[in-house]
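Please open the structure in your viewer and keep the selection tool at hand. The stops below say what to select and what is there.

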Amino acid sequence: GKLSREEFRRQKDLDAARKAGTAPAALDEEGRPINPHIPQYISQAPWYLDTGAPSLNHQRRPDYDDSSNKLDNWYDRGAKAGPAAKKYRKGACENCGALTHKKQDCLERPRKKGAKFTNKDIQADEIIQEVATGYDAKRDRWNGYDAAEHKRVYDEYAAVEAARQKMREEEIDNQTTTDLAAVRKVAKASKSDVKEADADFGSSEDEDADEDKYADAADAVGQKLDAKTRITVRNLRIREDTAKYLINLDPESAYYDPKTRSMRDAPLKNIPAEEARFAGDNFFRYSGEAPEVQQLQLFAWQAAARGNDVHLNANPTQGELLHYEFRQKKEELKDTTKTSILAKYGGAEYLDTAPKELRQGQTEDYVEYSRTGQVIKGRERAKAKSKYPEDVYINNHTAVWGSWYNSSDGTWGYACCHSNIHISYCSGQAGIDAAEASSAQHLLASAPQPAAHEPPKDEFQTQRSEKVDQNYSKRRIGEGEVKLDDERLAKAVREEKKRKERGGKDMDDRSGKKQKVGSHDVTEEELEAYRMTRRMAEDPMANYVDEN
């Protein structure tokens with residue numbers, strides 16, 4: 001029970017005295033002293049092995065009877081207890097007449113249904129044995145195993161293999177009997193012809209026999225041929241083959257893993273994979289049927305992720321059938337989608353083209369050209385056409401856009417009318433004349449020269465003439481010569497300059513209020529004043545012109 005406080009204190013003092021050596025050590029059941037310095041968790045026995053006295057037997061290996069651990073100490077199978085009874089006994093087995101077991105546990109051959117039970121069918125009783133086994137013998141899975149049982153199985157398989165081999169030899173002998181007879185006839189005929197020539201050198205029959213003997217014993221490279229069974233056994237690797245790690249001794253070449261005996265990359269990079277003796281393990285992994293197996297494995301994983309019961313290793317046939325159905329449905333869906341798109345948008349005629357191999361491959365057409373580029377033999381290759389429509393004339397044009405280039409301003413246009421506006425209507429020769437009239441060279445050439453007897457003009461008139469020459473306003477396109485009043489033009493120029501100084505707004509000079517602008521026609525002088533004071537940003541000399 002639980003110790004009191006006084007008893008616990010005395011126990012502590014006794015343990016301290018034993019450790020100090022002033023008190024004798026405790027003794028176990030066999031009288032052996034117990035070291036007082038052993039920890040309590042080792043010296044104290046568990047509850048299921050506690051004997052109530054100090055002991056260390058729970059830390060020692062228990063002693064078992066060796067006679068109970070022997071493998072020979074097992075049940076005597078089939079041992080009978082004396083002779084069999086002469087008549088049936090009540091409660092005995094209905095199949096063999098033994099009292100030691102019932103009918104459902106009987107190991108004898110069952111009798112036919114309806115057969116009468118006689119005294120001759122009674123078997124002797126078995127010996128019921130009690131084998132005492134220890135801990136190890138009870139858990140030995142091979143305890144009581146009889147090796148003679150496996151020898152009978154081995155002899156049975158050996159007999160079956162011998163019978164099968166005998167049947168195979170008989171079939172081979174029957175097939176080759178006719179061929180051997182014909183060969184022997186030809187051999188005898190040839191031997192009779194050379195028999196006299198071989199008389200001095202020995203019998204040719206003995207040599208032929210020796211050759212046949214050595215031919216049967218000879219083996220091909222990497223193969224072993226059994227002449228009796230006519231079965232060829234190939235070795236795992238032909239010893240004449242060069243190991244993959246010896247193909248290229250450069251340490252910077254493909255890496256060889258000695259643990260898995262694998263070399264993924266090709267050891268020789270400058271040789272095509274189809275011509276190399278060994279192109280690397282990856283070449284074999286992605287050639288042949290390997291990619292199909294990888295696609296099948298990927299399909300099985302994706303199907304299992306979606307909740308389907310598909311496993312390639314557990315049921316490969318099911319996985320392959322499902323993969324085949326999946327590909328068929330995918331092709332049908334692709335055809336249906338293609339048909340619906342063509343029915344809605346059209347364009348089926350563009351799909352009937354030659355295969356890519358024919359369009360980009362080589363051809364057998366022979367064409368021979370002269371030095372001037374003319375075709376001498378063969379047919380000239382057709383010129384490549386653009387995807388855009390060619391030689392299509394719109395808006396009454398007789399030339400395409402981009403057929404004319406204006407070198408003065410660097411623009412492209414139509415050669416038929418010299419118009420540089422895209423998709424404009426063709427004006428013919430009139431457009432050419434108008435473009436020439438509006439050109440800068442033509443205006444400078446057609447400007448009137450001042451006479452010698454004319455009086456010198458004032459500063460305003462000189463500035464006006466320069467502005468007119470700069471803006472080419474004396475001859476307008478389609479208008480010819482324009483007559484302007486000098487006074488009204490000078491007034492219009494001053495008004496235009498004031499309007500620009502005010503920021504382009506119509507303001508009264510005295511009040512500063514916005515003037516009411518009525519609707520009136522623009523005169524030629526106002527239009528000319530606007531053109532004279534306008535700044536031409538595209539003119540390269542505009543920065544050097546005095547605006548005042």
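The tour starts with a pair of helices and then turns to single residues. Bear in mind throughout that this is a predicted model.

**Stop 1: helix H7**

Select residues 290-305, which form helix H7. The 16 residues of this helix should span 22 Å at 1.5 Å a residue, and the C-alpha atoms at its ends are 23 Å apart, so the two values agree.

Now colour the buried residues of H7: Leu 296, Gln 297, Phe 299, Ala 300 and Ala 303. Looking down the axis of H7, you will find these buried residues within an arc of 160°, so they line one face of the helix. In general, an α-helix has 3.6 residues a turn, so residues three or four places apart point the same way.

Turn to the face of H7 directed away from the buried side, where the exposed residues Trp 301 and Ala 305 sit. Then select Gln 294, also in helix H7. Gln 294 has a relative accessibility of 36% and therefore counts as partly exposed, since that class lies between 20% and 50%. Leaving out residues up to four places away in sequence, Gln 294 touches Arg 285 and Tyr 286.

Just past the end of H7, pick Gly 307, which has a positive phi of about 105°.

**Stop 2: helix H8 and its crossing with H7**

What lies over the buried residues of H7? Part of the cover is H8. Select residues 316-345 to show helix H8. With 30 residues at 1.5 Å each, H8 should span 44 Å; its end C-alpha atoms lie 43 Å apart, which agrees.

Show H7 and H8 together. How do two packed helices get described? By the angle between their axes and the distance between the axes. Here the axes come within 10 Å and cross at roughly 90°. H7 and H8 are therefore roughly perpendicular to each other.

To see the contact itself, display the side chains on both helices. From H7, the residues are Gln 295, Leu 296 and Phe 299. They meet Gly 319, Glu 320, Leu 322, His 323 and Phe 326 of H8. By type, the residues of this contact are 4 nonpolar, 3 polar and 1 charged.

Follow H8 to its end and select Gly 346, which comes after the helix and has a positive phi near 80°.

**Stop 3**

Most residues other than glycine have a negative phi. The next two selections have positive values.

Go to Arg 261, in the loop between strand S2 (231-234) and helix H6 (281-285). Its phi is near 55°, a positive value in a residue other than glycine. Is Arg 261 buried or exposed? At 64% relative accessibility, Arg 261 counts as exposed.

Next, select His 418, in the loop between strand S6 (411-413) and helix H10 (429-437). The phi of His 418 is also positive, near 60°. His 418 counts as partly exposed, at 22% relative accessibility.

**Stop 4: Glu 496 in helix H13**

Finally, show residues 486-501, helix H13, and pick out Glu 496 within the helix. Is Glu 496 buried or exposed? Its relative accessibility is 10%, so Glu 496 counts as buried, a class that covers values under 20%.

Which residues is Glu 496 in contact with, leaving aside its neighbours within four places in sequence? They are Ala 529, Tyr 530 and Thr 533.

Terms used:
Residues are numbered from 1 along each chain as its sequence is written. This is a predicted model: local features need pLDDT of at least 70, side-chain atom pairs count only at pLDDT 80 or more; totals for chains, interfaces and linings use all residues. Side-chain values use heavy atoms; hydrogens and water are left out. Axes are lines fitted to C-alpha atoms, for helices over the stretch in contact, and angles run from 0 to 180 degrees between N-to-C directions. Helices (H or I, at least four residues) and strands (E, at least two) are DSSP runs, numbered from the N terminus. Angles under 35 degrees count as roughly parallel, over 145 as roughly antiparallel, 65 to 115 as roughly perpendicular and the rest as oblique. Contact means heavy atoms within 4.5 Å. Ala, Val, Leu, Ile, Met, Phe, Trp, Tyr, Cys and Pro count as nonpolar, Asp, Glu, Lys and Arg as charged, and the others, Gly among them, as polar. The expected span of a helix is 1.5 Å times one less than its number of residues. Buried means under 20% relative accessible area, exposed over 50%, partly exposed in between (1.4 Å probe, protein chains only). The arc is that of the directions from the helix axis to the C-beta atoms.
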